[in-house]
Amino acid sequence: MSAIVHQAGPGAIGQTQGQIDSYPSPVLMPPAEGRAYVLVKDNLNAPSFEIGDVLEVDLGITRCRWDGVYVILLGGRQIVRRVQIRPGKNGRPAFYIFTTSNRDQGFFLSFDELVVLAEVKNVCSVRRIG
């Protein structure tokens, strides 16, 4: 991650107006056992999370248990997508896979086709204001 640049406002302690300080990237605590961090590299799920955000995922969850955001294996690529459970054929569920920014351009996978690698638990977002 690149450095975060912060410009102090007037009257900041020990600084003059307009002085710019450079802070190092935030250091993440090591993930809990069975969890990992994923760095977001696209804006397909904006505004939920965007480029530069860090997702904490639970590697112990390898099945879609409810609607949510999961890391899935699709076409040999590991991607983060929203998954909704919908009624399918023969009483087995079907899964609607989509991105937050393109809900209408999703697709369906059967129970046997969906490969879940982890479930997204938390998002660490850093946004610039102004």
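# Reading an all-strand model

Mentor: Buried residues make up 28% of the 130 residues in this protein. Keep in mind that the model is predicted.

Trainee: How many helices and strands are there in the protein?

Mentor: Zero helices and nine strands. From the N terminus on, the order reads β-β-β-β-β-β-β-β-β.

Trainee: What share of the contacts with a separation of 6 or more comes from residues 24 or more positions apart?

Mentor: The share is 42%.

Trainee: And what does the accessible surface of the protein come to?

Mentor: About 8900 Å², with 53% of that belonging to carbon and sulfur atoms.

Trainee: Let us turn to salt bridges. How many does a search of the whole structure find?

Mentor: Start with the general idea. Side chains of opposite charge can pair when their charged atoms come close. In this structure the search finds three salt bridges. Take R35 and E56: their side chains meet at 3.7 Å, N to O. R35 belongs to strand β3 (residues 35-39) and E56 to strand β4 (residues 54-58), so the pair ties together parts 21 residues apart in sequence.

Trainee: Which side chain meets R92 in a salt bridge?

Mentor: That of D112, at 3.5 Å, N to O. This pair links distant parts of the chain, 20 residues apart. R92 sits in the loop between β6 (77-87) and β7 (93-99), and D112 in the loop between β8 (102-110) and β9 (115-124). R92 is partly exposed at 39% relative accessibility. D112, at 60%, counts as exposed.

Trainee: Which side chain does E119 meet in a salt bridge?

Mentor: The side chain of K121, at 3.2 Å, N to O. E119 is buried, at 6% relative accessibility. K121 is partly exposed, with a relative accessible area of 32%.

Trainee: Now contacts. Where does D58 lie, and what is it in contact with?

Mentor: D58 lies in strand β4. It counts as buried at 16% relative accessibility. Set aside neighbours within four places in sequence, and D58 is in contact with G34, R35, A118, E119 and K121. R35, E119 and K121 have come up already: R35 pairs with E56, and E119 pairs with K121. D58 and A32 are 26 residues apart in sequence, yet their C-alpha atoms are 9.1 Å apart.

Trainee: G34 is on that contact list. Where is its place?

Mentor: In the loop between β2 (20-23) and β3. G34 is partly exposed, with a relative accessible area of 37%. Beyond its neighbours within four places, G34 is in contact with V57, D58, L59 and G60. Its C-alpha atom is separated by 9.8 Å from that of A118, 84 residues apart along the chain.

Trainee: Next, the backbone. What should I look for?

Mentor: Begin with the general rule. Most residues other than glycine have a negative phi, and most peptide bonds are trans. Now look at the exceptions here. N90 is not a glycine, yet it has a positive phi of about 55°. N90 lies in the loop between β6 and β7. It is exposed, with a relative accessible area of 78%.

Trainee: Which residues does a cis peptide bond join?

Mentor: A46 and P47, with omega at about 5°. P47 has its place in the loop between β3 and β4.

Trainee: Last, pockets. What volume does the second largest pocket have?

Mentor: About 350 Å³. The lining here holds 19 residues, and V38, L39, Q78, I79 and V80 lie nearest the centre. The elements that give two or more residues to this lining are β3, β4, β6 and β9.

Trainee: Which element gives the largest share of that lining?

Mentor: β6, with five residues.

Technical notes
Residues are numbered from 1 along each chain as its sequence is written. This is a predicted model: local features need pLDDT of at least 70, side-chain atom pairs count only at pLDDT 80 or more; totals for chains, interfaces and linings use all residues. Side-chain values use heavy atoms; hydrogens and water are left out. A salt bridge is a side-chain nitrogen of Lys or Arg within 4 Å of a carboxyl oxygen of Asp or Glu. Helices (H or I, at least four residues) and strands (E, at least two) are DSSP runs, numbered from the N terminus. Buried means under 20% relative accessible area, exposed over 50%, partly exposed in between (1.4 Å probe, protein chains only). On a 1 Å grid over the protein atoms alone, a cavity is a set of points where a 1.4 Å probe fits but cannot get out, and a pocket is an open set with protein on both sides within 12 Å along at least five of seven lines; lining residues have an atom within 4 Å of a point. Grid points are joined across faces, edges and corners, and a volume is the space filled by probe spheres set on the points. Contact means heavy atoms within 4.5 Å. Accessible areas come from the Shrake-Rupley method with a 1.4 Å probe; for residues, only the protein chains shown count as cover.
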